[in-house]
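Keep the sequence and the structure in view while reading.

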Amino acid sequence: MSEARSLFGVLRHSARPDIVDAIERLVLEAPDRKLNRVNALAFAAEHGFDEEQVINAFLHASRLGLFEISWNVLCPGCGGVLDANTSLKTVQSETYNCSLCAAGYEPTLDEMVEVTFTISPRVRHIEAHNPHELPPLEYFRQIYWGSGVDLPDEGYEAKVEQFVLESLELPAGEKAVVSLQLPAEFVIIFEPVTHAAQFLDVKGEPSKERQTVSLVFDRLHRHGEAITLRPGPLRILMENHTEVRALPSICVANDALHALLSRRRPFLTAKQLLSNQTFRDIYRTDTIDVNQRLKITSLTFLFTDLRGSTELYERVGDLAAFDLVRTHFSILHEIVGAEAGAVVKTIGDAVMATFPTPDRALVAAMRMRDAMLTLNSERGNDDLLLKIGIHEGPCIAVSLNERQDYFGQTVNIASRVQHLATSREIFATGSVVDNPRAAEFLTMHDLKPVSHHVSLRGITDEIDIFAIP
């Protein structure tokens with residue numbers, strides 16, 4: 001731990017010291033399970049810290065080697081981890097199937113990919129570093145369920161016992177026989193290592209004759225049609241054809257199971273992290289593979305441009321104009337980062353930034369406009385006049401020119417909206433001003449957007465643009 005203490009000392013230079021202190025206490029004092037797949041948002045809520053500052057602290061800690069980042073593909077239904085990845089580059093499948101929910105999902109970066117932080121084995125060895133040695137209940141808690149499932153610290157085992165009829169460890173290549181009494185319930189035999197499931201629809205008159213079900217765990221067969229059985233004695237024959245231990249559990253799909261899985265909490269999504277300035281600064285080229293096309297169902301884009309920049313260079317000279325433009329870029333970068341956004345790129349005097357939600361983009365736009373007015377006032381002229389456009393919608397995260405970028409009609413519309421904007425008003429689309437949090441912000445500040453029905457170059461249908469005074 002001496003090396004870790006020195007690394008925490010370094011971390012205090014790039015993250016808030018009180019947050020670093022809390023993370024260090026976590027590493028030194030917390031039980032093993034608390035250091036596996038740490039939910040940064042839950043950590044921030046527990047300690048009363050700002051979410052973005054906690055995310056930044058964990059990112060810097062990971063860069064120093066204190067933590068390892070995991071990108072986990074989640075089932076939207078049950079919250080289980082369908083695939084765990086050390087890099088977003090390995091999220092390659094077009095569809096991920098959850099055998100427990102008997103459903104397939106096309107991955108999106110909004111709510112289907114979580115980002116968690118696990119302590120490095122160099123700093124502290126925890127049980128989850130050897131997941132195939134975890135007891136069955138801890139495997140479910142620490143490996144199968146995502147960090148958005150709010151499993152209780154106290155009484156976890158007792159709650160699980162309310163719906164688990166039987167669970168066992170089945171070594172690689174071994175066979176086992178389980179005998180039990182089937183209740184008149186919907187029963188699931190689930191194996192979390194191979195993600196295999198078999199549904200048993202138990203109904204009808206009770207049977208005195210023993211019924212038999214045979215299952216093979218081999219990573220190929222994940223889900224079969226539901227088998228209809230009668231209440232009564234059942235023998236389950238199981239074979240593990242994999243190279244690792246299997247952990248089959250026989251569960252009743254009752255209210256206790258549904259109550260446990262319905263406890264949800266916010267978690268750090270891939271979308272949120274890709275729109276984090278610290279993440280983009282640290283992991284510039286190591287995010288998305290050049291052949292990947294990752295969908296995001298909702299992302300907010302903000303474009304800015306300086307009006308009359310050509311005249312500015314002519315009026316004050318190249319050197320003075322360059323210094324002014326550089327100052328303006330610095331201010332915008334700071335505001336974007338402070339509002340949970342990230343600058344994707346700069347093009348000439350223009351900025352393209354992303355935000356996880358429309359309200360954060362709107363607040364950033366207001367701050368940008370005010371900052372330019374203040375800077376102009378200090379200089380005694382109106383050299384820096386900023387045009388701002390905002391739009392929200394679906395897009396695709398891609399890798400272009402060795403940089404993580406975005407593609408799609410939403411990006412095109414946002415850019416066109418900025419071209420229409422004036423230097424006095426912020427232009428936004430209906431998807432932005434209709435957002436509940438954005439609308440609340442406008443109402444609180446007594447701002448009444450003025451609607452304009454316009455045509456945008458390259459866009460077939462006319463749309464409503466709102467000028468925010």
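F427 stands opposite A467 in β21. This is a predicted model, in which local features need pLDDT of at least 70 and side-chain atom pairs count only at pLDDT 80 or more, while totals for chains, interfaces and linings use all residues. Residues are numbered from 1 along each chain as its sequence is written, and side-chain values use heavy atoms, leaving out hydrogens and water.

**Strand β19 and its partners**
- β19 covers residues 426–429; strands here are DSSP runs of E with at least two residues, and helices are runs of H or I with at least four, numbered from the N terminus.
- β19 pairs with β21 (residues 463–468) in the antiparallel sense over 4 bridges, where pairing requires that DSSP finds at least two bridges between two strands.
- β19 also pairs with β17 (residues 386–400), in the parallel sense over 3 bridges, and A428 is the bridge partner of I390.
- In a regular strand the side chains alternate between the two faces of the sheet.
- In β19, I426 and A428 on one side and F427 and T429 on the other are all buried, that is, under 20% relative accessible area with a 1.4 Å probe, counting protein chains only.

**The open sheet**
- An open sheet of 3 strands runs in the order β2-β1-β5 with antiparallel pairing.
- β2 (81–85) and β5 (113–119) each have a single partner strand, so one side of each has no neighbour in the sheet.
- β1 (residues 67–74) and β2 pair over 4 bridges, and W71 has N85 in β2 as its bridge partner.

**Helix α12**
- α12 has 22 residues and spans 32 Å from its first C-alpha to its last, close to the 32 Å expected at 1.5 Å a residue; the expected span is 1.5 Å times one less than the number of residues.
- G380 follows α12 and has a positive phi, near 80 degrees.
- D359, L362, V363 and M366 of α12 make the contact with R437, A438, F441 and L442 of α15; contact means heavy atoms within 4.5 Å.

**Nonpolar cores**
- A nonpolar core is a set of buried Ala, Val, Leu, Ile, Met, Phe, Trp, Tyr and Cys residues joined through side-chain atoms within 4.5 Å.
- The largest core has 92 residues, of which F67 and Y406 touch the most other members.
- Another core, of 38 residues, lies apart from it and includes L306, L324, I388 and V433.

Notes
Buried < 20%, exposed > 50% of the residue type's maximum accessible area, 1.4 Å probe, protein only.
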